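Work through these exercises with the sequence and the 3D view side by side. Try each task before you read its solution.

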Amino acid sequence: MEYDTAGDPITGRKWTRQTPAKIARLLERRLDIRVSAATVRRLLDELDYSLKANNKALSAGSHPDRDKQFDIIKRLRENFSATGDPIISVDTKKKELIGLFKNNGRVWCDEATKVKDHDFRSEALGIASPYGIYDVGLNKGVVVIGKSADTPEFAVNAITTWWQSSGKHQYPRSKRVLILADSGGSNGARPRAFKKFLQHRLADGHGLEISVSHYPTGASKWNPVEHRMFSEISKNWAGIPLESFDIMLNFINDTDTETGLQIKAYFDEREYAKGIKVPDKEFKSLNISKNKELGNWNYTIKPSCPTAKAEAMRWEELLKCELISD
């Protein structure tokens, strides 16, 4: 192992690129010593070899306005908290294959569940796109599971579902909402469609003033929905195959914590078209005003004309009909 060993001159810890199983095979073939990989693993530990996973420590660099944007988000959150208006953190969780596929984690059971040896999408019953809306102040959330593409329209419909099912009941007097989102993806700062559907489905449909603030590029881990809600959902179904959409819905609904986290799950069966374009003329008609500071990341969408509101109400009825709650 001399040529396959590296080490830390400060701590004295060593590591090798050889796996325990491969070392065990070499010992048997070259020295006629038969040991298991588990024994090799124990011996490596005794010899001060360190077992480590990949460490995501190499940064692609931070945006020059990163600190300034974090300060803006902080001020906005303080402002909305002081008036008792809702602050929601939104994002799409990792897509999940529905079927008898391996799910990372371990569970206490008599016998391990046998799953497919490869994660082929073609063998899945569907691909779930869980979109989460986390209420920062109330420690409550809504997750809408889509079986179609993760598009801006799907994202906005999920946020509208949160307002219809929870938000308007929990905040009956509020006329404004603060949305915290990543700078990329279906709810990113660039897609015009995200702003268009926020205007039509949420601002016009419910008379709400929508303030949106995006986290800087590469800072998605600071978005509360990631570590306050998605992490708890992953723990709840760890080690258990998501064999159906119903099983996925049940696990999300059953997720809770000692701090009182509560989540409602809904299933959106609609098909969403990809690549919806918003022409310049239509985009300019939206009632959007950029903030004075970093306006591409911070903007407000206000309700527009009564005709637009009537069209948004039609979509609200459609949402009620096609969403399925477990």
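**Exercise 1. Is Glu96 buried or exposed, and what is its relative accessibility?**

Start with the ground rules. This is a predicted model, where local features need pLDDT of at least 70, side-chain atom pairs count only at pLDDT 80 or more, and totals for chains, interfaces and linings use all residues. Residues are numbered from 1 along each chain as its sequence is written, and side-chain values use heavy atoms, with hydrogens and water left out.

Step 1. Learn the cut-offs: buried means under 20% relative accessible area, exposed over 50%, and partly exposed in between (1.4 Å probe, protein chains only).

Step 2. Apply them. Glu96 has 8% relative accessibility, so Glu96 counts as buried.

Step 3. Find its partner. Glu96 and Lys94 meet through their side chains in a salt bridge, 3.3 Å from N to O. A salt bridge is a side-chain nitrogen of Lys or Arg within 4 Å of a carboxyl oxygen of Asp or Glu.

Step 4. Check the partner. Lys94 has a relative accessible area of 55%, so Lys94 is exposed.

**Exercise 2. How many residues of strand β7 are buried?**

Step 1. Locate β7 at residues 176-181. Helices (H or I, at least four residues) and strands (E, at least two) are DSSP runs, numbered from the N terminus.

Step 2. Count. Six of the six residues are buried, so β7 is largely enclosed by the rest of the structure.

Step 3. Arg176, Leu178 and Leu180 point one way from β7. Val177, Ile179 and Ala181 point the other way.

Step 4. Look for neighbours. Two strands pair if DSSP finds at least two bridges between them. Strand β3 (residues 87-92) runs parallel to β7, joined by three bridges. There, Ile88 stands opposite Ile179. Strand β8 (residues 209-214) also runs parallel to β7, with six bridges. Ala181 has His214 as its bridge partner in β8.

**Exercise 3. Which residues of helix α7 are buried?**

Step 1. List them. Within residues 245-253, they are Phe245, Met248, Leu249, Phe251 and Ile252.

Step 2. Look down the axis of α7. The buried residues fall within an arc of 165 degrees, so they line one face of the helix. The arc is that of the directions from the helix axis to the C-beta atoms.

Step 3. Recall the general rule. An α-helix has 3.6 residues a turn, so residues three or four places apart point the same way.

Step 4. Name what they pack against: β4 (96-98), β5 (126-135), β6 (140-146), α6 (224-236) and β9 (262-268).

**Exercise 4. Compare Ile23 and Leu31.**

Step 1. Ile23 is in helix α1. Leu31 is in α1 too, which spans residues 20-31.

Step 2. Classify them. Ile23 is at 7% relative accessibility, so Ile23 counts as buried. Leu31 is at 55%, so Leu31 counts as exposed.

Notes. Contact means heavy atoms within 4.5 Å.
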